[in-house]
Amino acid sequence: MIGILLSSAVLIAADPPPIESDGYRLVWAQEFDEGSRPDSDVWSFERGFRRNEEAQFYLKDNAFLEDGMLIIEGRRERLRNPAFERGSNNWRERRRYAEYTSSSLTTKDSQTWTYGRFVLRARVPTDPGMWPAWWTVGTMRGWPECGEIDMMEYYAGDVLANAAWGKPGPRFKPRWDSVKVPISKYGEGWSDDFHEWRMDWDADSIRLYLDGELLNEIDVTKTINPDGTNPFREPHHMLINLAIGGNNGGDPSETVFPVRYEIDYIRVYQREGDAP
């Protein structure tokens with residue numbers, strides 16, 4: 001079990017964490033108010049080409065703090081791929097260059113949670129080819145049997161609220177409980193504003209919200225892997241990233257770069273009995 005982080009970089013207030021009306025207590029937060037880079041005691045960084053045949057090469061330097069926010073910046077820039085191998089069948093190796101860079105941050109090496117209320121306030125880029133996300137992955141086994149929760153995901157005009165886990169059949173073929181909502185539903189100017197995403201997760205359900213509206217509710221009593229395990233009753237770590245292109249992101253070639261994913265804060269609340 002990984003302990004709750006209580007440094008001034010994580011919980012800013014000196015007073016005891018507040019209790020919300022329904023019994024949740026703030027146990028972890030990133031307010032992004034101090035310094036110029038994300039806290040290295042909290043965040044580690046993915047590097048390179050990672051998943052979904054996305055176009056971006058992940059770099060640490062594309063994430064920085066500015067005006068009390070975490071900025072993840074997508075850039076159009078050519079970068080030599082150090083893993084390039086002529087004739088390789090692996091998509092990560094057969095590209096001689098990356099044409100875009102971005103960042104992906106994770107708490108994999110510092111913090112996990114089982115259950116709680118997770119809150120993010122952010123302004124997300126919706127330009128063609130952009131694929132911002134805030135999500136969790138389980139720590140107990142490989143994907144998808146480890147479980148994945150997409151608390152915030154956007155691409156191709158839709159906000160998504162998803163969960164995935166294992167199902168019988170070929171490797172890497174998950175079972176999805178997914179909802180898509182077109183941002184056109186919210187009217188013009190939605191992309192110009194900050195919005196709040198929230199997950200309420202307990203042993204029975206995962207509820208995913210946008211600006212207080214329930215988008216999706218997953219029945220955790222039914223999220224069973226083929227081996228009988230339930231990945232949503234186990235620890236998860238957090239990721240936040242800006243992907244570009246790939247299987248779902250679309251074509252970024254006409255987008256004006258740099259593009260910014262701006263995160264005001266991330267907060268985790270838990271009730272007595274939840275596991276840090």
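This short talk walks through the strands, the cores, one surface patch and the salt bridges of a predicted model.

Some ground rules. Because the model is predicted, local features need pLDDT of at least 70 and side-chain atom pairs count only at pLDDT 80 or more, while totals for chains, interfaces and linings use all residues. Residues are numbered from 1 along each chain as its sequence is written, and side-chain values use heavy atoms, with hydrogens and water left out.

Let's start with the strands. Strands here are DSSP runs (E, at least two residues), numbered from the N terminus. Two strands pair if DSSP finds at least two bridges between them. Strands of a sheet pair through backbone hydrogen bonds, either parallel or antiparallel.

Trp135 stands opposite Asp150 in β10.

Now look at strand β8, residues 116-123. Is it enclosed or open? Six of its eight residues are buried, so β8 is largely enclosed by the rest of the structure. Buried means under 20% relative accessible area, exposed means over 50%, and partly exposed is in between (1.4 Å probe, protein chains only). Seven bridges join β8 to β13 (residues 195-201), running antiparallel. Leu120 has Trp197 as its bridge partner in β13. Seven bridges also join β8 to β17, again antiparallel. There, Arg117 stands opposite Tyr269.

Next, the cores. A nonpolar core is a set of buried Ala, Val, Leu, Ile, Met, Phe, Trp, Tyr and Cys residues joined through side-chain atoms within 4.5 Å. The largest has 51 residues. Which members touch the most others? They are Trp134, Trp197, Ile240, Tyr261, Ile263 and Ile266. Strand β17 (residues 259-270) gives the most to this core, with five residues. A second, separate core has six residues, including Tyr24, Leu26, Ala29 and Val119.

Back to Trp197. Its contacts (heavy atoms within 4.5 Å) include Phe118, Leu120, Trp134, Met151, Trp190 and Tyr209, leaving aside residues up to four places away in sequence.

Now the surface. Trp143, Phe172 and Trp176 form a nonpolar patch with about 320 Å² of accessible area together. Such a patch takes residues with over 30% relative accessible area and no salt bridge, with nonpolar side chains (Val, Leu, Ile, Met, Phe, Trp, Tyr) joined within 5 Å, and like charges within 9 Å in charged patches. Areas come from the Shrake-Rupley method with a 1.4 Å probe. Trp176 lies in β12 (residues 174-182). It is partly exposed, at 42% relative accessible area.

Last, salt bridges (a side-chain nitrogen of Lys or Arg within 4 Å of a carboxyl oxygen of Asp or Glu). The structure holds 18.

Glu46 meets Arg50 at 3.4 Å, N to O. Glu46 is buried, at 9%, and Arg50 is partly exposed, at 37%.

Glu66 meets Arg260 at 2.7 Å, N to O. That pair links distant parts of the chain: Glu66 is in β4 (residues 63-66), Arg260 in β17, 194 residues apart.

Glu262 meets Arg123 at 2.6 Å, N to O. Glu262 is in β17 and Arg123 in β8, so the pair ties together parts 139 residues apart in sequence. Finally, salt bridges that share partners join Asp22, Arg117, Arg198 and Asp200 into one network.

Methods: Helix = DSSP H or I, 4+ residues; strand = E, 2+ residues; numbered from the N terminus.
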